[in-house]
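This report describes selected features of one protein model. Please look at the sequence and the structure before reading on.

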Amino acid sequence: MKDIKIGACDWALPGAGLHAVRIAAEFGLEALSLKIGLYENNYPIAEQTMQRYYLEDQQKYGIAYCAVALNDFDNIPMHARAGTANYQKAWTILKKGVSTAVALGVPLIQVPGFCASEIKNQEDLGASVKAFQYLCDEAGTHGIHIAAENLMTPEEFKLLYEMVGRENFGVYYDTQNYHLFRGYDQLTILEGLYPYMADQIHVKDGRGAISGALLGTGDSGFDGSMELLKEKQFKGYFLLENYYDQLPLRLENDDPYELLKQDIDILKQKIRA
């Protein structure tokens, strides 16, 4: 594959984001996806002081910030209804997500649709569409794209895509989630979602647990995803999302940095194959 950059999600690296920029540079990675943080901590990278630190580190280590993940939507429903306790919190995330992406020069906002933000009914769908349209319109004026990560089938996502109706909207593919959480065939999902996909992909593997195996050694069909992406001449970012210092993956080696190195080597081999 050509025009590929290898990076990582900052929450997946050893230390769950602590010194992520330095770690990425030391291990030869090119990019990071940054999490915005939690309501309880007032969304750390939305603060100007923290943004200054990140921009200084970027200059020092030469790491691209390719995405901001609105990770607190796992806990606070993106589709919270007006008048509920979570509504203001949800819109705080949306607004701070845009301002943070602009401040850090990030080209994409990744929006998880799991747990509290999973779309389960028509009301959820309608409220989510409005939130996505807001993100697309506000971020779009700065050339920023929006990508939804969820467990939708291609048919379900196509409906969401058409309802949002914005050119800077797409889907964020993950190489394990569909198989692990829904029992779907990853290649069927990838084939159907490819026309809507962002130029970034989360890569991880496992055996009955999230991020529980080095790439290509689990049961998600990782090798098949890579082969199909090669056939389609995918260009963009592969972002490591295995959790190297967490169970069960850390049982494979007490040194999480050795596991990180192994995954980087595996990914590079798959890209060159």
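P248 sits in the loop between β8 (236-240) and α9 (256-272); helices (H or I, at least four residues) and strands (E, at least two) are DSSP runs, numbered from the N terminus. The peptide bond that leads from L247 to P248 is cis, and its omega is near 5°. Another loop, the one between β7 (197-203) and α8, holds S211. The phi of S211 is near 50°, which is a positive value in a residue other than glycine.

The model is predicted: local features need pLDDT of at least 70, side-chain atom pairs count only at pLDDT 80 or more, and totals for chains, interfaces and linings use all residues. Residues are numbered from 1 along each chain as its sequence is written, and side-chain values use heavy atoms, with hydrogens and water left out.

**Helix pairs**

Two packed helices are described by the angle between their axes and the distance between the axes. Here the axes are lines fitted to C-alpha atoms, for helices over the stretch in contact, and angles run from 0 to 180 degrees between N-to-C directions.

α4 and α5 pack at an angle of about 55°, and their axes are 9 Å apart. The two helices are therefore oblique to each other; angles under 35 degrees count as roughly parallel, over 145 as roughly antiparallel, 65 to 115 as roughly perpendicular and the rest as oblique. The contact (heavy atoms within 4.5 Å) is made by L125, V129, F132, Q133 and C136 of α4 together with L159, L160, M163 and V164 of α5. By class, these residues are eight nonpolar, one polar and no charged. Ala, Val, Leu, Ile, Met, Phe, Trp, Tyr, Cys and Pro count as nonpolar, Asp, Glu, Lys and Arg as charged, and the others, Gly among them, as polar.

Q133 belongs to helix α4. Apart from its neighbours within four places in sequence, Q133 touches M163, V164 and R166. Q133 and M163 are 30 residues apart along the chain, while their C-alpha atoms are separated by 9.1 Å.

The second pair is helix α7 (residues 186-193) and helix α8 (residues 222-231), which pack at an angle of about 25° with their axes 9 Å apart. That angle makes α7 roughly parallel to α8. Q186, L187, L190 and E191 in α7 meet G224, S225, L228 and L229 in α8. This contact has four nonpolar, three polar and one charged residues.

**Pockets**

A pocket is found on a 1 Å grid over the protein atoms alone: it is an open set of points where a 1.4 Å probe fits, with protein on both sides within 12 Å along at least five of seven lines, and its lining residues have an atom within 4 Å of a point. Grid points are joined across faces, edges and corners, and a volume is the space filled by probe spheres set on the points.

| Pocket | Volume | Lining residues | Nearest the centre |
|---|---|---|---|
| Largest pocket | about 460 Å³ | 21 residues | W11, D74, F114, E241 and Y243 |
| Second largest pocket | about 320 Å³ | 23 residues | E118, I119, K120, M152 and E156 |

In the largest pocket, the elements that give two or more residues to the lining are β4 (108-112) and α6 (177-182). The lining of the largest pocket divides into ten nonpolar, five polar and six charged residues.

For the second largest pocket, the elements that give two or more residues to the lining are β4, α4 (122-140), β5 (145-149) and α5 (154-164). The largest share of this lining, four residues, comes from α4. By class, the lining of the second largest pocket has twelve nonpolar, six polar and five charged residues.
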